[in-house]
Amino acid sequence: MHLTLRHQKQLKTLVIGALAWGIALLLFFPIFWMLLTSFKTEIEAFSTPPSFLFTPTLENYLTINERSDYFHFAWNSVVVSVLSTLLGMLVAVPAAYSMAFFETKRTKSTLLWMLSTKMLPPVGVLVPIYLLVKDAGLLDTKAALIVIYTLINLPIMVWMIYTYFKEIPKDILEAARMDGATLLQEVTSVLLPMSKGGLASTILLSLILCWNEAFWSLNLTSSEAAPLTALVASYSSPEGLFWAKLSAVSTLACAPIIIIGWFSQKQLVRGLSFGAVK
Amino acid sequence: MSSHVSNHAKNSTHWMSRLLVMPSVSMLLLWMIIPLAMTLYFSTIQYNLLYPEDNAFVGFENYSYFIEDPGFWPGISNTLILVGSVLLITVVLGTLISVLVNTPFWGQGIVRILLISPFFIMPTVNALVWKNLLLHPVSGVFAHVWRFFGAEPVDWFAQYPLFSIIMIVSWQWLPFAILLLMTALQSLDQEQQEAARLDGAGIWSIFYHLTLPHLARPITVVIMIETIFLLSLFAEIFTTTGGGPGYETTNLAYLIYDQALLQYDVGMASAGGVVAVVLANIAAFFLIRAVGKSLTDHK
């Protein structure tokens with residue numbers, strides 16, 4: 001009896017494991033296939049039935065770089081994501097600090113209002129923003145993207161940092177203040193160390209959102225400031241065989257963010273759920 | 001002396017706290033008001049980029065044109081179908097999959113990483129990989145599978161365009177739901193579950209009475225964030241179907257883009273923008289109330 005029960009349990013674990021693996025492989029398959037195709041020749045990529053056994057080639061990666069200067073676009077993505085994240089943190093941290101530790105009657109409604117600006121569909125303001133950017137002579141510049149990304153991510157950043165600051169007991173900050181710590185000391189030696197994880201996850205999320213943003217980047221840039229999202233989109237209407245090259249360019253565009261995502265999933269969850277998930 | 005200092009400190013902190021919030025609030029305020037005001041203004045004038053001099057006031061004409069546009073009703077219904085289906089698929093499957101991977105098994109860590117990966121793929125890559133490598137009627141993986149079973153390969157984006165978009169968007173957002181829900185499940189009280197099981201509660205009753213209530217808050221967050229992004233879904237449509245065939249995959253976002261940047265009709269596009277904003281606000285009203293309450297009350 002005892003033995004069968006244990007067997008039953010083992011069988012259950014086995015079935016669950018098999019099912020979970022099956023689903024996971026299925027969901028991951030498109031990424032795996034993209035990676036695989038990127039190492040094929042164009043002929044192999046198009047062949048029927050699909051080839052699983054082939055001699056991997058790096059040719060696609062080299063061609064891409066020659067044809068469309070991958071690093072130009074990658075550099076734009078890096079610059080825009082990093083600077084916009086920095087700018088966002090610079091504005092969001094003070095706001096969140098003030099909201100979390102000097103709460104007033106209006107704090108909650110301000111927070112909700114900020115979130116509601118995220119509900120504003122970008123298309124609703126596409127024309128005016130396009131014209132404003134054009135009039136400012138900022139069409140196809142990184143500066144325009146940086147400012148816009150900061151603005152669209154700001155509500156989420158303030159919310160996230162606010163939730164993290166809320167978790168720090170006020171007493172600790174007050175104690176530091178009693179001991180005569182200046183504001184700067186209070187922030188650098190108490191607040192920041194205690195919310196390192198939270199700030200890191202906010203930064204990560206902002207980087208991911210900027211990196212993958214594909215509305216403003218497609219509409220406001222053409223070549224000079226175009227980031228990777230635009231480079232990939234330019235492969236949507238190519239001539240001739242291009243599956244393998246498309247896969248290579250996609251792999252290059254996504255690899256940095258996927259890897260960051262893998263290593264930081266725990267941090268990300270806390271941030272993404274506004275503290276609803278610990 | 002000490003009371004003087006604390007009073008002074010109180011005043012100055014009060015003042016400073018406002019100063020610290022100011023940049024965020026004013027930036028967002030400008031970001032909201034200026035473009036919105038411009039959109040409102042443009043929506044009442046005649047404004048075509050091809051004839052930019054002719055800017056007569058036309059009242060609500062742009063609105064009536066926009067609403068009578070053959071793309072309007074498809075745009076509305078496609079938007080609702082898209083958001084609704086993707087929400088349903090991701091929340092239901094997300095819940096089931098996260099419950100499944102919550103029990104320990106061999107390779108749990110790797111499985112979790114595989115499951116969440118699609119979330120990090122950029123929308124344009126998602127669209128192009130699905131369109132060309134997976135759903136392509138000749139060389140796509142799906143076509144190979146169909147042929148393997150002796151069936152006629154399907155031209156997905158031509159025959160089932162909206163369904164295909166829903167599928168690829170769900171593929172991207174399902175991992176998001178899984179990521180949040182499976183992490184939420186880790187803090188579910190195991191002993192309580194065990195006790196319920198010993199009391200003779202079945203799997204479904206445990207799921208319904210313990211698991212689901214525990215997931216209520218994260219599910220609200222999933223719904224809110226996904227709605228924000230799905231209402232203005234653009235890149236996936238732009239890179240796959242371009243809104244077609246006909247208006248079959250045109251959502252409001254794409255319709256407005258089409259009018260503004262492809263037909264140069266700023267007036268009508270702005271009227272569309274105002275409509276989109278109003279619709280989004282209706283959705284936001286309910287969502288923010290539900291979510292804001294659950295998020296701020298808890299603390």
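Helices (H or I, at least four residues) and strands (E, at least two) are DSSP runs, numbered from the N terminus. Everything shown here is a predicted model, where local features need pLDDT of at least 70, side-chain atom pairs count only at pLDDT 80 or more, and totals for chains, interfaces and linings use all residues. Residues are numbered from 1 along each chain as its sequence is written, while chains are lettered from A and ligands numbered from 1 in the order in which they are written.

**View 1. Chain B has 13 helices and 0 strands.** Start at the N terminus and you read α-α-α-α-α-α-α-α-α-α-α-α-α. Chain B is more spread out than a compact globule, because its radius of gyration (taken over C-alpha atoms) is 25 Å, well over the 19 Å that the globule rule (2.2 Å times the number of residues to the power 0.38) gives for 299 residues. Its C-alpha trace spans about 90 × 75 × 30 Å along the principal axes.

**View 2. Here is S17(B), a residue in helix α1 (residues 2–42) of chain B.** Is S17(B) buried or exposed? S17(B) counts as buried because it has 20 C-beta neighbours inside 10 Å. The cut-offs, with C-beta atoms placed from the backbone, are 20 or more other C-beta atoms within 10 Å for buried, 12 or fewer for exposed, and in between for partly exposed. Leaving aside neighbours within four places in sequence, S17(B) is in contact (C-beta atoms, placed from the backbone, within 7 Å) with S98(A) and F102(A). As for P104(B), 87 residues apart from S17(B) along the chain, the two C-alpha atoms are separated by 47 Å.

**View 3. Chain A meets chain B, with 82 residues of chain A in contact with 83 residues of chain B.** On the chain A side, helix α1 (residues 2–37) gives the most, with 16 residues. That side divides into 60 nonpolar, 18 polar and 4 charged residues. For these classes, Ala, Val, Leu, Ile, Met, Phe, Trp, Tyr, Cys and Pro count as nonpolar, Asp, Glu, Lys and Arg as charged, and the others, Gly among them, as polar.

**View 4. Two helices of chain A, α7 (residues 142–166) and α10 (residues 196–212), have axes that come within 10 Å and cross at roughly 160 degrees.** So α7(A) is roughly antiparallel to α10(A) (the cut-off is over 145 degrees). Axes are lines fitted to C-alpha atoms, for helices over the stretch in contact, and angles run from 0 to 180 degrees between N-to-C directions. Residues that meet here include Y149(A) and N153(A) in α7(A), and G198(A) and L199(A) in α10(A). By class, this contact has 8 nonpolar, 4 polar and no charged residues.

Technical notes. Angles under 35 degrees count as roughly parallel, over 145 as roughly antiparallel, 65 to 115 as roughly perpendicular and the rest as oblique. Two residues are in contact if their C-beta atoms, placed from the backbone, lie within 7 Å.
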